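User: Hello! I am new to this structure and would like to learn how to read its charged side chains. Could you guide me?

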Amino acid sequence: MLQILDVDGHVVNEEQLPKLSHEELRAMMRKMVFTRIWDQRAIKLTRQGRLGFYAPVAGQEASMIGSEAATLKEDFLLPSYRDVPQAVWHGWPMYQAFLYSRGHVHGGQMPEGVNVLMPQIIIGAQIVQAAGVALAFKLRRENRVAITYIGDGGTSQGDFYEGINFAGAYQAPAVFIIQNNQFAISVPVHLQTAAETLAQKAAAAGIPSERVDGMDVLAVYSATKRAVERARAGEGPTLIESMTFRFGPHTMSGDDPTRYRSKELEEAWQKRDPLVRFRSYLEGQNLWSQADEEAVIEEAKTAVNEALAKADAQPKMTVPELIDAMFEQLPDDLRAQRAEFVK
Amino acid sequence: MAQMTMIQAITSALDNELARDPSVLLFGEDVGQSGGVFRATDGLQKKYGDQRVFDTPLAESGIAGLATGLALQGFRPIAEIQFFGFVFEAMDEIAGQAARMRFRSGGRYTSPIVYRAPFGGGVKTPEMHADSLEGLLLQTPGLKVVIPSNPYDAKGLLISAIRDNDPVFFLEHMKLYRSMRAEVPEEAYTLPLGKAAVVRPGKDLTVVAYGAMVHTALKAADQWSKQKGVEAEIIDLRTISPIDIETIIESVKKTNRAVVLQEAQRTAGAAAEIVAQINEHALYHLEGPVKRITAPDTVYPYAQIEEEWLPSTERVLTGFEAALAL
């Protein structure tokens, strides 16, 4: 398993240390702190009924942000329902992510030039679609990559295998990231498969894979960067297993992790908090301070409030609008149904 | 003009569109070098190269997912599902994904995909090859479903389907692939999706049919006319989603009686929807209830009893008689 920083923030693998500028390192820390605060706010806002569907992300910041940071804006991102942070850091406006959470069509209307698909609810569908997106880049000889995410439970789906296998057969520029947070709702990973690692599932597709410490942002960045570069060089897809943990529940829709996770296990993972580790590393380099941290926290709170206000200001949807979004040209029967809703 | 079978007309449509639009891609199991299990794509890979016409691994969900992804990036995929019975493997990518893409993204992303699949009984195929599953697709908002019954329609409708900017499922009846020839232009032409055709005018009974049942209906109607002097008007739906209710109602207003004929089981297919629409739009023009002539509600039968299970000319004629007597 690739690890660059240990839990205390010491470099344990100098050779793999990515060559990042001070500004790039600080930017990653900013995004991680920002995302943690945003997650805390989102959980509260969900409880207040001001957000709808929400899948918590605390604990997975290194895995999410380290991997997205290794891509370029022209790369196409296919997130699963939990991967809202990557999608936002890739260009999805936060207020639209909030609208998506609430169930509003404007949430999914990606601005032109934002290369992100709406979060995928059907676990595995994003994997076969990523193979298609990647093949499109290859056919057009565009120097772009498709990057997609799935959880540990998702690796049991047929579409997971089909997607990595198709991408392998076509040597398409795709990066598949498994965020192994050890549990699929309440089911532990050992009930998903007898395979020792999820990374080894790449062997079935004949593609390379790597297992990485998903609580170590530099390790995730380094592995993803390598995979992205391989893909850009025409060398085909890679599967990355990022070993991580969600500190919170599966979603805010009634899941209680104390029913299936021991306190000891949760505490053990808390000690590997990706923010603590990266903060220690940056502080050791004099690249991060308490003041920096506080500034980001304020920035995040303000951004969340502004995004909420913008989401609140979005006009309500109407049924005729929904009908209009079904086809380029409305069939007669739908036109008749539309008329029933026009006062 | 040339005399073409339906399968030749389909190949011709694919050829025209591959030539016209470089974003059209054709793929599926054995569609490349081999030219398809029914030769529908014969010669196309040689002509357009393996970047345009290519084989896929044997996985229907992967094929349909590939189409969704390629369409997201501006291609116009034509994905072949080798036999329609295998569509269950791909239902999420078709019904759960592509059919919803425009809606989910508020118009930002679209799925200009054509899924082609052979289906239909009467050729003694093994299990899960001949099933009429079009009813599953009718209940999928966002999808159009086309079933041609002859070479001319097949070509014009397929070209329209490929040019449509929304997903279209194009179902090809295996028994019709080579059972007739017709004059078909070599060059491209289109037929509107969602428009039925009156293929036999009549004044006594409206018969709505699609696929191979159009021919069974025509045969029964000709027999009926000769024996009894009664004239059935046959409507070939051509597109079963959306349904061209206008053409049906116009006919019902004239004949005042209707039957719906389908190869699918009674509670599958499109018949119930058509009956419901006639009831909604033309009840006061009816002399009697609209009846369905269908296969029985069993699993698609064993090859040896297929002919007895499928609606035969005799059963259809009995159905006509019953509708007239009501």
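Analyst: Gladly! This is a predicted model. Let us begin with a group: A:E23, A:R26, A:R30 and A:D292 are joined in a network of salt bridges.

User: What is the general idea behind such pairing?

Analyst: Side chains of opposite charge can pair when their charged atoms come close. Over all chains, a search of the whole structure finds 32 salt bridges.

User: Which residue forms a salt bridge with A:E241?

Analyst: That partner is A:R211, with the closest N and O atoms 2.8 Å apart. A:E241 sits in strand β7 and A:R211 in strand β6 of chain A, so the pair ties together parts 30 residues apart in sequence.

User: Is A:E241 buried or exposed?

Analyst: A:E241 is buried, at a relative accessible area of 0%, while A:R211 is partly exposed at 27%.

User: Where in chain B do B:D153 and B:R238 lie?

Analyst: These two side chains meet in a salt bridge (3.3 Å, N to O). B:D153 belongs to helix α7 of chain B, and B:R238 to the loop between β11 and β12, 85 residues apart. Both B:D153 and B:R238 are buried.

User: Which residues form the negative surface patch?

Analyst: The patch is made by A:D333, A:E340, B:E273 and B:E280. A:D333 lies in helix α12 (residues 332-339) of chain A and counts as partly exposed, at 31% relative accessibility.

How values were computed: Residues numbered from 1 in each chain as written. Chains lettered and ligands numbered in written order. Predicted model: local features only at pLDDT ≥ 70, side-chain atom pairs only at ≥ 80, totals over all residues. Heavy atoms only, no water. Patch = residues over 30% accessible without salt bridge, like charges linked within 9 Å, V, L, I, M, F, W, Y side chains within 5 Å. Areas by Shrake-Rupley, 256 points an atom, 1.4 Å probe, with all protein chains shown as cover. Salt bridge = Lys/Arg side-chain N within 4 Å of Asp/Glu carboxyl O. Lys, Arg positive; Asp, Glu negative; His and termini not counted. Charge placed at Lys NZ, Arg CZ, Asp CG, Glu CD. Helix = DSSP H or I, 4+ residues; strand = E, 2+ residues; numbered from the N terminus. Buried < 20%, exposed > 50% of the residue type's maximum accessible area, 1.4 Å probe, protein only.
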